[in-house]
Amino acid sequence: MHMDDSVRLRQATADDHAAILDIEGYVFHHDFDDDAREFDRRLFEPERSLVADDNGSVVGHTTALTRDLTVPGAVIPAAHVTGVGVLPTHRRRGLLTAMMHRQLAELAEAGREPVAVLWASETTIYPRFGYGPAAARLELNAMTREVHITPAAPSADGRLRLIEPTEAAEDLKMLYERVRPARVGWSSRPGAWWDRRLRDPSAWRDGATTRKGVLFEGPNGPEGYAMWRVKDGWDDYGPNGQVRVTEIVADDPGVYAELWRFLFGIDLTRSTSYDFAALDEPLQYLVDEPRRLGRGFSDALWIRLIDLPAALEARRYLGPVDVVLAVTDPLISANSGRWRLTAGPDKTTCVRTTDPADVACSITELGAVYLGGTTLSALHAAGRVQRLTDNFPATAFGWDRLPNAIEVF
Ligand SMILES: CC(=O)SCCNC(=O)CCNC(=O)[C@H](O)C(C)(C)COP(=O)(O)OP(=O)(O)OC[C@H]1O[C@@H](n2cnc3c(N)ncnc32)[C@H](O)[C@@H]1OP(=O)(O)O
């Protein structure tokens, strides 16, 4: 079906906020109380939000929030696309398609952000708009009576101090900022984003406690933190509580291990879950029985290259690269064509060329490999990337660690 003539797309105004949250309530099946609405308003960027307006009623929405994203070797501005929805009365008439096309055109025109990033509610939605699955996540649910941090795991000098996360916000921010530049997939938290991260409404608790926090303090001050809730539980065998970790941040291996030791050891609990681990999560190598970590797998961050040469020049590469990519991008034609990507120790360039291509793919596949979490070889094996010469950059887009999608936005 095609978008009805009565529907037009327009930039949102501050007055649209309530209607946009009504849409989000309908499509994501949850209710926003006054507090949630007021809070969301603080994050609202009307000039970056697009609404579908049907004769004065807002029936569809998308937005691109202003945050930075860590990519291999760099921190870059990235359009954080979220809040996408079309009312059930208007679905499957092309509204999302129209909104995505316009949003991409506007992002390309603005030229501020070389890439866009999102979490997809369903994996079928975004490839057609050029988004590729760029960072997966491990979802852990460790049986903590059966898996232990090994005695050989590193330790650290210092002590653990229980904190109320909002009161310790400055320490948490400092630690997050210390680690963020090296963790591909982490986003900056400007303005009200930290407040949002530390919000703890009962609707988010799923019957668990309020959010708790612990700070690891070494000889020179705070060195790491963790936040969690506990879902209390008792069964025929006695206590069966679950520690639900929401964030764990430390760059020192000893501190990191100390935080997990603590989280695994909370009395009256028998399991510890964490839904935001990278596929190469170090905890897997800190424990004696990794299978009992209860590992599940899911896609997480999706990347869309908005400005191909700017995006490929913005990130770093582990080794020398010299390759010609033939790229098709039906939605942002400036990205289509042949590009020579050259990366050396001092300089990376990505320029148009008429030379024969080594690799051919669509913009979606470049999005998928951009964070170093998906390999070109796997996409080639799936027939998604064509290998045209022997100069196939199988490892060129890899990075030292796999990307980590730490936070749903
Ligand atoms: C970044 C984020 O915010 S992710 C959150 C996305 N939002 C949601 O999941 C909320 C619930 N869903 C919705 O609001 C709507 O179904 C949307 C926004 C996903 C799709 O909006 P629509 O206006 O119906 O999409 P539109 O009509 O443009 O469909 C485009 C194409 O995608 C397909 N499509 C869109 N959404 C879906 C879906 N959820 N499942 C399967 N196919 C889908 C359509 O069938 C159509 O395919 P076709 O062109 O081959 O016919």
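Residues here are numbered from 1 along each chain as its sequence is written. The model is predicted, so local features need pLDDT of at least 70 and side-chain atom pairs count only at pLDDT 80 or more, while totals for chains, interfaces and linings use all residues.

What joins β6 to β13? Five bridges do, and the two strands run antiparallel; β13 covers residues 269-277. Strands are DSSP runs of E, at least two residues, and helices are runs of H or I, at least four, numbered from the N terminus. Two strands pair if DSSP finds at least two bridges between them.

Strand β6, residues 132-143, also pairs with β14, residues 296-305, in the antiparallel sense over seven bridges. There, Ala-136 is partnered with Asp-299 of β14.

A residue is near a molecule if its C-beta atom, placed from the backbone, lies within 6 Å of it. Of the 22 residues around the ligand, the nearest are Val-84, Arg-91, Leu-96, Thr-97 and Ser-121. Two or more shell residues come from each of α1 (17-28), β4 (74-86), α3 (95-110) and β5 (115-119). Which element gives the most? That is β4, with six residues.

By type, the shell has 11 nonpolar, seven polar and four charged residues. Nonpolar means Ala, Val, Leu, Ile, Met, Phe, Trp, Tyr, Cys and Pro; charged means Asp, Glu, Lys and Arg; the others, Gly among them, are polar.
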